[in-house]
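Subject: Structure for you to look at

Hello,

Here is the structure I said I would pass on. Please open it first; my notes follow below.

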Amino acid sequence: MSIYVGNLSYEVTQEDLSAVFAEYGSVKRVQLPTDRETGRLRGFGFVEMSSDAEETAAIEALDGAEWMGRDMKVNKAKPREDRGSGGGGGGRRNDSFSRRY
């Protein structure tokens with residue numbers, strides 16, 4: 001299981017987040033996704049801990065807690081949806097139009 005942590009400060013580091021969650025058990029991994037274009041943190045992350053009991057304790061203690069000037073949103077991460085292998089965004093799927101470069 002993984003924990004979703006939202007509404008994070010853009011200044012947070014993996015070490016900061018790991019230290020907060022370490023109060024509730026052993027932290028196995030911390031991920032802080034960044035924006036592809038800007039490289040800036042996206043304001044959320046994921047934490048994996050050693051046991052379900054530790055993760056549950058962290059979720060119950062930290063959901064809604066104020067940290068770094070923000071109220072954190074902490075819950076079980078939902079499995080990532082399979083978006084399929086078809087390229088990006090919604091637009092038309094018609095090969096009959098021409099592109100001019």
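The protein has two helices and six strands, where helices (H or I, at least four residues) and strands (E, at least two) are DSSP runs numbered from the N terminus. Along the sequence, the order is β-α-β-β-α-β-β-β. This is a predicted model, in which local features need pLDDT of at least 70 and side-chain atom pairs count only at pLDDT 80 or more, while totals for chains, interfaces and linings use all residues. Residues are numbered from 1 along each chain as its sequence is written, and side-chain values use heavy atoms, with hydrogens and water left out.

Overall figures

Of the 101 residues, 25% count as buried (buried means under 20% relative accessible area, exposed over 50%, partly exposed in between, with a 1.4 Å probe and protein chains only). The accessible surface comes to about 7,500 Å², and 43% of that belongs to carbon and sulfur atoms (areas by the Shrake-Rupley method with a 1.4 Å probe; for residues, only the protein chains shown count as cover). Taking contacts between residues at least 6 apart in sequence, 59% join residues at least 24 apart (contact means heavy atoms within 4.5 Å).

Helix 1

Helix 1 covers residues 14-22, and L17, V20 and F21 are buried in it. These residues span an arc of only 95 degrees around the axis, which puts them on the same side of helix 1 (the arc is that of the directions from the helix axis to the C-beta atoms). What covers the buried residues of helix 1 includes strand 1, strand 2, strand 3, helix 2 (52-62), strand 4 (66-67) and strand 6 (73-76).

Aromatic rings

There are three aromatic pairs (rings of Phe, Tyr and Trp, the last by its six-membered ring, pair if their centres lie within 6.5 Å; planes under 30 degrees apart count as stacked, over 60 as edge-to-face and the rest as tilted). One of them is Y4 with F46: the ring centres are 6.0 Å apart and the planes are at 65 degrees, so the pair is edge-to-face. Y4 lies in strand 1 (residues 3-6) and F46 in strand 3 (residues 44-49), so this pair ties together parts 42 residues apart in sequence. Y4 is partly exposed at 27% relative accessible area, and F46 is partly exposed at 23%. Y4, F44 and F46 form one aromatic cluster.

Charged side chains

The charged end of R40 sits over the ring of Y10, 3.9 Å from its centre (this requires NZ of Lys or CZ of Arg within 6 Å of the ring centre and within 35 degrees of the ring normal). The structure holds one salt bridge (a side-chain nitrogen of Lys or Arg within 4 Å of a carboxyl oxygen of Asp or Glu). E48 forms that bridge with R29, and the closest N and O atoms are 3.1 Å apart. E48 lies in strand 3 and R29 in strand 2 (residues 27-31), so the pair ties together parts 19 residues apart in sequence. Both ends are partly exposed: E48 has 21% relative accessibility and R29 has 41%.

Positive phi

Most residues other than glycine have a negative phi. N7, in the loop between strand 1 and helix 1, has a positive phi near 60 degrees. M68, in the loop between strand 4 and strand 5 (70-71), has a positive phi near 55 degrees. N7 is partly exposed at 36%, and M68 is partly exposed at 37%.

Regards
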